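I opened my notebook to look up a few things in this structure. I will write down each one as I go.

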Amino acid sequence: MSTPTPKPPSPLRPLRPLPALIFASRWLQLPLYLGLIAAQAVYVWHFLLELWHLVEAVFGSQTALQALVTGIGYKPEVQITALNETVIMLVVLALIDVVMISNLLIMVIVGGYETFVSRLGLDDHPDQPEWLGHVNASVLKVKLGLSIIGISSIHLLKTFINAANYDVKVLMWQTIIHVVFLTSAVAIAYTDKLLNSSHVKH
């Protein structure tokens, strides 16, 4: 019994001028993603600068210590003359915050470009992100929501550790905003689940 010969793929029809123009307009997003790459470079510089200040403060530099204390939100009248555990913890949390925002930027740059602009062609690349193989606009939206909750959690933890240097209203509003982020992410994930389940039924 002979195996049927597969049909050759039909040649792609050229798009009409207006649809071609509309489809090509996706490349207008390219400068946005390049701008996010530049923003990530700024975050890398900020991370290295804060890390260098922390190392200098460990070796007794008062200038670096004051830069750290100012950066983590201590009141101007608070005098800290030596590095302590609380300052180290707040600086490390600030560094983790930068890393999480950088991860969010990578997710937006790579996932957004792959989803809305053009394929990256990473199918056979050994360093292809695991999540990129099944990413779409819906999955990207949920992942972004979860990342924002993680960043908000780090900010809230930094505020609570350093609560004495913040006004009660600031503490209250940061908590309320975090709860709003959390509720929004749960609502987005639940809506996405409902849409996927309805597609499966049909």
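Is serine 152 buried or exposed? I looked it up in the model, which is predicted. Serine 152 has a relative accessible area of 11%, so this residue is buried, since buried means under 20%.

**Entry: serine 152**

I placed serine 152 in helix 5. Next I listed its contacts, leaving aside neighbours within four places in sequence. Serine 152 is in contact with His178 and Phe181.

**Entry: the whole chain**

I stepped back to the protein chain. The secondary structure comes to six helices and zero strands. Read along the sequence, the pattern is α-α-α-α-α-α. I noted that the chain has 202 residues and that 27% of them are buried. The accessible surface comes to about 14200 Å². Carbon and sulfur atoms hold 69% of that surface. I then looked at contacts between residues at least 6 apart in sequence. Of these, 63% join residues at least 24 apart.

**Entry: threonine 159**

I went back to helix 5, which covers residues 137–161 and holds threonine 159. How accessible is threonine 159? Its relative accessibility is 3%, so threonine 159 counts as buried. Again I left aside neighbours within four places in sequence. Threonine 159 is then in contact with Tyr166, Leu171 and Gln174.

**Entry: aspartate 192**

I moved to helix 6, residues 168–201, where aspartate 192 is found. Which residues does aspartate 192 contact, leaving aside neighbours within four places in sequence? I found Ser138 and Val142. I also looked up the spacing to valine 142. Aspartate 192 and valine 142 are 50 residues apart in sequence. In space they are 8.1 Å apart, C-alpha to C-alpha.

**Entry: aromatic rings**

How many aromatic pairs are there? I count two.

Tryptophan 27 is partly exposed, with a relative accessible area of 36%. Tyrosine 113 is buried, with a relative accessible area of 16%.

The rings of tyrosine 33 and tyrosine 113 also pair. Their centres are 6.3 Å apart and their planes are at 80 degrees, so I wrote down edge-to-face. This pair too links distant parts of the chain, with tyrosine 33 in helix 2 and tyrosine 113 in helix 4, 80 residues apart. Both tyrosines are buried. Ring pairs link Trp27, Tyr33 and Tyr113 into a cluster.

I looked at one more ring. Arginine 26 lies over the face of phenylalanine 23, at 3.9 Å from the ring centre.

**Entry: helix 3**

Which residues of helix 3 are buried? In this helix, residues 62–71, I found Ala64, Leu65, Leu68 and Val69. Seen down the helix axis, they fall within an arc of 135 degrees, so they line one face of helix 3. They pack against helix 2 and helix 4. I then turned to the face pointing away from the buried side. That face carries the exposed residues Thr63, Thr70 and Gly71.

Serine 61 caps the N-terminal end of helix 3. A side-chain oxygen of serine 61 lies 3.3 Å from the backbone nitrogen of alanine 64. Glycine 73 follows the helix, and its phi is positive, near 95 degrees.

**Entry: isoleucine 80**

My last stop was the loop between helix 3 and helix 4, where isoleucine 80 is found. Isoleucine 80 is buried, because its relative accessible area is 9%. What does isoleucine 80 touch, not counting residues up to four places away in sequence? I listed Gln62, Leu65, Gln66, Val69, Tyr74 and Val87. For Val69 I also looked up the spacing. The C-alpha atoms of isoleucine 80 and valine 69 are separated by 7.8 Å, and the two residues are 11 residues apart along the chain.

How values were computed: Residues numbered from 1 in each chain as written. Predicted model: local features only at pLDDT ≥ 70, side-chain atom pairs only at ≥ 80, totals over all residues. Heavy atoms only, no water. Helix = DSSP H or I, 4+ residues; strand = E, 2+ residues; numbered from the N terminus. Buried < 20%, exposed > 50% of the residue type's maximum accessible area, 1.4 Å probe, protein only. Contact = heavy atoms within 4.5 Å. Areas by Shrake-Rupley, 256 points an atom, 1.4 Å probe, with all protein chains shown as cover. Phe/Tyr/Trp six-rings, centres within 6.5 Å; stacked < 30°, edge-to-face > 60°. Lys NZ or Arg CZ within 6 Å of the ring centre and 35° of its normal. Arc of directions from axis to C-beta. Polar contact = N/O pair within 3.5 Å; in protein donor to acceptor, adjacent residues only side chain to side chain.
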